[in-house]
Amino acid sequence: MAVNLVNLEAVSKAYTARTLLDGISLGVSAGDRIGVVGRNGDGKSTLVRIMAQQDTPDSGRVTHSGGLHLGVLSQRDELDPTATVRHEVLGDMDDHEWAGQARVRDILSGLFGGLDLPGLPQGLDTIIGPLSGGERRRIALAKLLIAEQDLIILDEPTNHLDVEGIAWLAEHLKARRSALVVVTHDRWFLDEVCSRIWDVQDGAVHDYEGGYSAYVLARAERARIAATEEHKKQNLIRKELAWLRRGAPARTSKPKFRVDAANELIAQEPPVRDSVELLKFANARLGKTVFELHDVTITAGEKTLLDWLTWQLGPGDRIGLVGVNGAGKTSFFRALVGAAQDHAKPAAGKIVVGQTVRLAYLSQEVAELDPRWRVLEAVEQVKGRISLGKGREMSASQLCERFGFVGEKQWTPVADLSGGERRRLQLLRLLMDEPNVLLMDEPTNDLDIETLTALEDLLDSWPGSLIVVSHDRYFLERTTDTFHALLGDGNLRMLPGGVDEYLERRHAIASTQGSSAPASRAPKISSGVSAVEQRAAKKELAKVERQLEKLTKAEAKVHEKMAEHAADFAKVSELDEELRAVAKQRDELESRWLELVELAS
């Protein structure tokens, strides 16, 4: 039997009047990959600090095996602000020494985009003090990963990493021999990396085998058997489980748990979103035009981010937007907001906004609120009730409950809220205004899994057009239907293969350019196509992408009709012919799409 690297025996910890850990006994052995989840404030960070002996329990004992090499990434780094990145990350190693180690090269390239750290002002010789929190976070993570450890403890390691960085970190951790304990709200990351889940709640730690998907299944089974969970929570868990069972459209592999075991639980569960019904609502609320971009150029200073872009957002479209840092995701949002509010125009081209558009923009910055307001008061300042369609309504207080502001918490002054709670309140106020177009820039920041699940559930029944920018791959796949990417070359590309296709494209770009040059800075390679031909190709490309989206929706409608008429053989045969015709048309369009991508590049 393997000896535990870390043991916790009857550990308890309380702050003021609240007990976070109550008599916890557990251990971590060699080879363990443990994900720690739970609501914000329930004690996840406290648990891992006590495990690392950075905090002392009120009672109980924490022991480490002899000679344990432990690496810890806390939410606050302990980097020397006067030191250079080279000194903190590489220590006294000479350039030839670290450059000759494949692992060091992989870590620097994976976290910074190249061995010369192209995103930092002076590369490895950059002084740490003036850097942003996100840059310091990457430096602290690189420093930790370069060292050898028996056990790594990571508290929110995916914060400030983009989709590509998170995918790299997952692969890196899977390849390491070190045991791992990670606190994260990133559910895709939990599924990729972890083989056990610790759920911290109400002073206890519940241990589950498997990754996040297996944890959802186990929780649903436990709730059903024990019959102690509230009915609404059971429905939320089962609904998410139904989505996991079907799998995201962009994923090529099945979720990592036994699907058959879930069948009884979710056999009668409807699709997470009734796309046809939502499209009807969206058309009624928005008409045919939402946003249309004609030959639009968007700049930031002297840098051109998007060049001659022709594109449209239709009623009911749900788009996930991914891209390299600095490619223009936030600038793209600001251009749409500026056009909708009629106070800013793009550098060139025209943005047409539908007359019925009611736009809400969730930025990365938390909006300032009167610190004297109470939570419920801040929401009711916007509206007292909202309509959910089909005659359903929800009061401001009920919506507050959905987002974790239960009971007395609704009377907490804004000044006393944490960063994550303010983020939740910002979301609430936006949704209470009943927009029909939502632009969400990193909406998952500071939100725990329970709040994310509630937000996803609410968006399932929200009839409008949605664009989401997020590093949280699970949230993107859960809430959107199609993906587009900004790859730093001035184009906005549709991704039929979703996030997987984006990562493949980024890998291909990196392979052709070499690891020392960041993709966003690489010069364009002339393809022998004139500027006029490129613009024409971009226009046709936008048209083909719109046609592909329509065909995807048409295909989904045919599948729904086939399920509806499953007992009618003649009707199913007729629908099957229709499905084949749609598939053939889509194959032809995808071939043309590939040709146009080459011409427009």
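Reply: Let's start with helix α16, which covers residues 449–460. Its 12 residues reach 16 Å from the first C-alpha to the last, close to the 16 Å expected at 1.5 Å a residue. Please keep in mind that this is a predicted model.

Is α16 mostly covered or mostly open? It is mostly covered, with 11 of its 12 residues buried. Among them are the leucines Leu-452, Leu-455, Leu-458 and Leu-459. The buried set also includes Glu-456, Asp-457 and Asp-460, together with Ile-449, Thr-451, Thr-453 and Ala-454. An α-helix has 3.6 residues a turn, so residues three or four places apart point the same way.

Leu-438 sits in strand β17, which spans residues 437–441. Leu-438 counts as buried because its relative accessibility is 1%. Leu-359 is 79 residues from Leu-438 along the chain, yet their C-alpha atoms are separated by 6.1 Å.

Helix α6, residues 163–175, has 13 residues and reaches 19 Å from its first C-alpha to its last, close to the 18 Å expected at 1.5 Å a residue. The buried residues of α6 are Val-163, Gly-165, Ile-166, Ala-167, Trp-168, Leu-169, Ala-170, His-172 and Leu-173.

Now for the sheets. Three strands make an open sheet in the order β2-β1-β4, with antiparallel pairing. Its edges are β2 (18–29) and β4 (59–64), each of which pairs on one side only. From one strand to the next, the twist averages 15°. Strand β1, residues 4–15, is joined to β2 by eight bridges, and Asn-7 stands opposite Gly-27 in β2. Helix α1 (residues 44–51) packs on this sheet, where it touches β1, β2 and β4, and its direction makes about 130° with that of β1.

Another open sheet has six strands, ordered β5-β6-β7-β3-β8-β9, and its pairing is mixed. Here the edge strands are β5 (70–73) and β9 (204–209), each pairing on one side only. Neighbouring strands are turned by 15° against each other on average, direction ignored. Strand β8, residues 196–201, pairs with β9 in the antiparallel sense over six bridges. Asp-199 has His-206 in β9 as its bridge partner. Helix α5 (residues 133–146) packs on the sheet by touching β5 and β6 (151–155), and its direction makes about 170° with that of β5.

Stepping back, the protein has 20 helices and 20 strands, and 50% of its 601 residues count as buried. Among contacts between residues at least 6 apart in sequence, 70% join residues at least 24 apart. The protein exposes about 27800 Å², of which carbon and sulfur atoms supply 49%.

Technical notes: Residues numbered from 1 in each chain as written. Predicted model: local features only at pLDDT ≥ 70, side-chain atom pairs only at ≥ 80, totals over all residues. Heavy atoms only, no water. Pairing = 2+ DSSP bridges. Helix = DSSP H or I, 4+ residues; strand = E, 2+ residues; numbered from the N terminus. Axes fitted to C-alpha atoms, helices over the stretch in contact; angles between N-to-C directions. Contact = heavy atoms within 4.5 Å. Expected span 1.5 Å × (residues − 1). Buried < 20%, exposed > 50% of the residue type's maximum accessible area, 1.4 Å probe, protein only. Areas by Shrake-Rupley, 256 points an atom, 1.4 Å probe, with all protein chains shown as cover.
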